[in-house]
Every structure is written in structure tokens, then in C-alpha cells.
Amino acid sequence: MSNGTRQGGVLSTYFFARYIRDLISSIVNSGVGCKVCDHFINILAYADDIVLIATSWRALQQLLNVLQDKATAINMECNVKKTCCCVSTKKI
């Protein structure tokens with residue numbers, strides 16, 4: 001390791017959150033997502049995990065496009081082997 005922090009390090013999650021701050025802001029400000037009660041939600045992020053939430057396949061693709069553009073800009077890649085998509089057909 002030539003720079004950064006070790007996985008599990010005390011500051012790792014803090015630095016990662018700072019590193020992806022603009023990426024998260026871009027997704028939040030995209031205007032695409034779900035309204036739950038009175039809250040608009042389109043991304044959940046914890047440590048190095050990110051969940052995108054959308055109302056349709058098209059909306060999800062829009063969020064993925066924003067994610068890809070911003071991730072590329074900061075030289076970050078998503079691991080497609082650890083990526084999945086869940087669909088609910090039940091209306092809440």
C-alpha cells in the first residue's frame with residue numbers, strides 16, 4: 001500500500017465519505033428517487049457500500065449513469081461481482 005488507509009482503519013470510512021462526497025451529492029440532487037412519507041430518498045451509503053433507490057428501471061438507469069460519470073471522475077470503479085439489483089412489485 002503506497003497511500004491511503006488500511007481496510008478497517010479508524011479513519012477509513014471518514015476519508016472514503018469525504019472522497020465520494022461529490023458523487024453522493026450529485027445523486028441526491030439528480031431529482032430521481034422515491035418519496036417515502038415526506039422524505040425523498042435515492043441513495044443510502046454506509047462505509048464503502050452504496051444502495052441506489054428508484055421507482056423504475058429507467059429511473060435506476062439514470063442514477064447509475066450519474067454514479068458512473070462521477071465515479072469515473074474520481075477514478076473509482078464499482079465491483080460488478082458484488083453488485084445486485086432487487087425489484088419489488090408490491091406497492092407500499
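Where does G8 lie relative to α1? G8 sits in the segment before α1 (12-19).

## The model and its overall layout

This is a predicted model, in which local features need pLDDT of at least 70 and side-chain atom pairs count only at pLDDT 80 or more, while totals for chains, interfaces and linings use all residues. Residues are numbered from 1 along each chain as its sequence is written, and side-chain values use heavy atoms, with hydrogens and water left out.

The protein chain has three helices and four strands, taken as DSSP runs numbered from the N terminus (helices: H or I, at least four residues; strands: E, at least two). Their order along the sequence is α-α-β-β-β-β-α. The C-alpha trace spans about 50 × 25 × 25 Å along its principal axes.

## Burial and the nonpolar core

Of the 92 residues in the protein chain, 17% are buried (under 20% relative accessible area; exposed is over 50%, partly exposed in between, with a 1.4 Å probe and protein chains only). G8 has 73% relative accessibility, so it counts as exposed. Its C-alpha atom is separated by 22 Å from that of I74, 66 residues apart along the chain.

The largest nonpolar core has 12 residues: I20, L23, I27, V32, I43, L52, A59, L60, L63, L67, A71 and M76. Such a core is a set of buried Ala, Val, Leu, Ile, Met, Phe, Trp, Tyr and Cys residues joined through side-chain atoms within 4.5 Å. Both α2 (21-28) and α3 (57-73) supply at least two residues of this core, and the largest share, five residues, comes from α3. In soluble globular proteins, nonpolar side chains tend to be buried together.

## How α2 meets α3

The axes of α2 and α3 come within 9 Å and cross at roughly 155° (lines fitted to C-alpha atoms, for helices over the stretch in contact, with angles from 0 to 180 degrees between N-to-C directions). That makes α2 roughly antiparallel to α3, a label for angles over 145 degrees.

On the α2 side, L23, S26 and I27 make the contact, and on the α3 side L63, V66, L67, K70 and A71, where contact means heavy atoms within 4.5 Å. These residues divide into six nonpolar, one polar and one charged (Ala, Val, Leu, Ile, Met, Phe, Trp, Tyr, Cys and Pro count as nonpolar, Asp, Glu, Lys and Arg as charged, and the others, Gly among them, as polar). Leaving aside neighbours within four places in sequence, L23 is in contact with I50, L67, K70, A71, I74 and M76.

Methods:
Angles under 35 degrees count as roughly parallel, over 145 as roughly antiparallel, 65 to 115 as roughly perpendicular and the rest as oblique.
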